[in-house]
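This briefing is for a reader meeting the structure for the first time.

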Amino acid sequence: MIFTSLVFLVFFAALLVLLLFIRNDTVRVWLLLIGSYIFYGYWNAYYLILIFCCSFWGWGLGLLMYRSGSEMAQRVYLGLSLVLSLGSLGFFKYANFFGENMASLLQITDWEPWDIVLPVGISFFTFQTMSYNIDLYRGRIEVCRSPVKFALFVSFFPQLVAGPIVRASEFLPQLQRRIHLTWDNFVIGSQLFLGGAIQKTLFADNLSVFVDGVYHDPSLFSPSTLWLAVAAYSMQIFCDFAGYSLMAIGIGRILGFALPENFRMPYLSLSVTEFWRRWHISLSSWLRDYLYISLGGNRKGPTRTQVNMMITMLLGGLWHGASWNFILWGAMHGAALAVNRRWDAWRERRGTLGQEGPVYKVVAWAATLLFCSLVWVPFRSPDFATTKVFLAGLLPGGGGSVDWYHSYTVVVLLAAVVWHAAYQFWPALLRTLPFPPAVLARLPAMLVVGFAVMLVFIFAPVNTSPFIYFQF
Amino acid sequence: MRNLDEGGSAPTTTSAWRIAGRALVAAVIVLLVAELFVRLAVNGPSPQRFDPVFGYTYIANADQFNAREGFARIQLNELGLNDRPVGPKNDRWRVLVVGDSYTASIQVPTESNFTSVAEDLDSRLDVVNAGRDGLFLGNLGEYARRFAQPLDADMIVYVISEGDVDDDIRRPEFRVRFNPRDGTIVSTEIRVDDRELLKQRIEVLTHHSALVTRMIGQLRPAVAQATDLYKKLTRPFGQQPQRQRVEPRPDMVTPSHVDILRYVFRQLRQDRNKPVAILYINGLKYHADGRAEVEPSSLDAEERARAAAQAIGIPFYVAATELKKVYSETGAPPFGFNNGIRLGGHLNERGHAAIGAVLRDLAVEQLGLEGATASR
């Protein structure tokens, strides 16, 4: 179910009505779990078995780990949990990729890919399960004794298929309290949902018309059109994913749950390091806490730090999908982070770190934005050949003859510039959103919300594209 | 904080009426501003009127505005056609051009569409554009009949493309009755789409409101989803959806695609003494080196249409060479607009100029006038 579809709205309305009628907390948890399974099963009922198994081993091994007295046994249970989670992720997501590359390496010509359907959201729910077991092993969280609550943590439908990745320490304590459905949460959650829908349908979906058209055959388009496509895809992927996250946060809020912030205007970053503090925050912090730090982080000298960074980003790239393009994207970000770290260290030695003037900030912002936008090219391209053609076409004198200045794209990009400028220079303006119920009862707020709804109805493309991050 | 669990589903203060009043005022303001905005930048009120045969036709003298693909404000003529007013023939040869959205050409100004271009190229011709978007291939003959006689047309040109040849006759609304022993087609029938019947009920609104017209288009997928969902929910458990078509028996001889096309094309002839022709508009595939070639699927459809047309003796023209030339000479495609799909979609002004020249040549050739150079 896509959040912006009628089916989802009917499903959510029915669930909300049921939750309103049933006051018992245990039953409400069950209802949310059943609702989450219906949400997932609507896509593919067979893969409910996978999500059930993932929940079962995460919960069961966690309980065994908690009850076991010896360090050794705890390690075994943790290892088993990681093997099962990473094994299922590896099988469903990477088996064909590795098979194909091995066949190519060993020159096996008759290799046929396996018929594996990638379970939607597998990268998200396996990461959540792993984080629970690792945190439990590290003694950072309490064990969850209730299999129902744990299953709800793994399958909570607002963030099940595309995040944000929720930590057990953030979610499970919320299940210990009463599930309160409040008018304030409803009003604010609905506005967050509307904000996400605007990002998704008005911005991302309209941009996708242009981006898909250009990426279909970039060799035909002029350099200026390709540059427009670079900008358009950067904004499309941000609005698509940030929009989904915001809708998920809004739905969670309506149901009385706080989900973590996933994006904080990443294109305003002054460095790649800052970009990763603002982009897909739940994934970057997950990779930092469970991979980078586990590899030694920055504790083993500058060279090892950079190697760790590179490994983390390569795996981060691979997390997005089984393709060399994603690995290239991760490697470029890893290299940029390493350079950024060296640069900061050099400036620290000179005593200029933290003393940046406006010119430095503008140049740093522009360089970061340009880098992040350009590395989306391999991320979006279906293969290396397209990446090469696209990047070559950006050069003066490169590219084809067709100019395409898609008017919706230009308008959406201008709107995005205004939005970012408002965030940067008039933060108070955006801080008034979402309106609390008392403010929403006034005419100006009603008009803002009314126009926002109307814009979605008027400009959302008739055929909504699926969310980009569903495939990851 | 009000708690929904405690029964408060809305603010419960005495100011509820005041809030409701404000909400009403806000809704009215939003709707009025949205109506104005849509009229200025998106589309005008619907110029469509329900028609029991064709689903809909255009209202005479209505305004047609579209900014979804191209940006043109068009004034339909007294016959509800996207053309200049149709006056007396004045010794000119009147060519009636019938087709779907390629012909209706609402993306470009009337003066730039290919019927106007053909007319401007040759003062001996009076070319009448009788295009209507979404006009079904099987309805072309009937639609032409509506205008040919009153306008005393000397020739009819049917403009078709891959979509007509490939998709139209597979539409669920289209039924072919045939003799199962030898596959001979007895009759064909096209049912008016249910959506048009639905739209008929709210015509009063769509004729006056651009916003309602826009919403009808925008909410179409949601309505389709709702209908599917309703059917799913109301179907008894385990029962399969009703089949639309009867599966052929093993001993049944079914007519081929070309047979159906041939049957449909046969309906295109209006009057034995007056020439008819088919003009096929190809889809193109572009190359970075400046070449363009016909899309293989378009070529395939063209071959089937040509075979059917030739079998019943209707002259068949293509515009591939002229369309390819547009791209090779200008580096810009003859299809697409900045606010729509660039390499596909409908003909832009360059494409119309190219097709206009082909149309002029084929009309001159078929009417036996001097100076014919059309390519078949």
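A:R264 has a relative accessibility of 35% and counts as partly exposed. The model is a predicted one. The side chain of A:R264 meets that of A:E261 in a salt bridge, with N and O 3.1 Å apart. A:E261 is likewise partly exposed, at 42% relative accessibility.

**Salt bridges**

- Side chains of opposite charge can pair when their charged atoms come close.
- Over all chains, the count of salt bridges is 33.
- In chain B, B:R145 and B:E142 form a salt bridge whose closest N and O atoms are 3.1 Å apart.
- Both B:R145 and B:E142 belong to helix α4 (residues 140-151) of chain B, where 3 residues, about one turn of the helix, lie between their positions.
- B:R145 is partly exposed at 38% relative accessibility, and B:E142 is partly exposed at 39%.
- Another salt bridge joins the side chains of B:R304 and B:D166, at 2.9 Å from N to O.
- B:R304 sits in helix α11 (residues 296-311) of chain B and B:D166 in helix α5 (residues 162-166), so this pair ties together parts 138 residues apart in sequence.
- Both B:R304 and B:D166 are buried.
- B:R84, B:E111, B:E119 and B:D120 are joined into one network by salt bridges that share partners.

**Chain B as a whole**

- Chain B contains 13 helices and 13 strands.
- Its C-alpha atoms fill a box of roughly 85 × 55 × 50 Å along the principal axes.
- Chain B has 376 residues, of which 49% count as buried.
- Among contacts in chain B with a separation of 6 or more, 69% are between residues 24 or more positions apart.

**A nonpolar surface patch**

- A:V453, A:F457, B:L198, B:L219 and B:V223 make up a nonpolar patch on the surface, with about 380 Å² of accessible area together.
- One of these residues, B:L198, is part of helix α6 (residues 194-201) of chain B.
- B:L198 has a relative accessible area of 48% and is partly exposed.

**A buried serine in chain A**

- A:S245 is found in helix α10 (residues 223-254) of chain A.
- A:S245 counts as buried because its relative accessibility is 2%, and buried means under 20%.
- Apart from neighbours within four places in sequence, A:S245 is in contact with A:P164, A:N262 and A:F263.
- A:R138 is 107 residues from A:S245 along the chain, and their C-alpha atoms are separated by 28 Å.

Conventions
Residues are numbered from 1 along each chain as its sequence is written. Chains are lettered from A and ligands numbered from 1 in the order in which they are written. This is a predicted model: local features need pLDDT of at least 70, side-chain atom pairs count only at pLDDT 80 or more; totals for chains, interfaces and linings use all residues. Side-chain values use heavy atoms; hydrogens and water are left out. Helices (H or I, at least four residues) and strands (E, at least two) are DSSP runs, numbered from the N terminus. Buried means under 20% relative accessible area, exposed over 50%, partly exposed in between (1.4 Å probe, protein chains only). Contact means heavy atoms within 4.5 Å. Patches are made of residues with over 30% relative accessible area and no salt bridge: like charges are joined within 9 Å, nonpolar side chains (Val, Leu, Ile, Met, Phe, Trp, Tyr) within 5 Å. Accessible areas come from the Shrake-Rupley method with a 1.4 Å probe; for residues, only the protein chains shown count as cover. A salt bridge is a side-chain nitrogen of Lys or Arg within 4 Å of a carboxyl oxygen of Asp or Glu.
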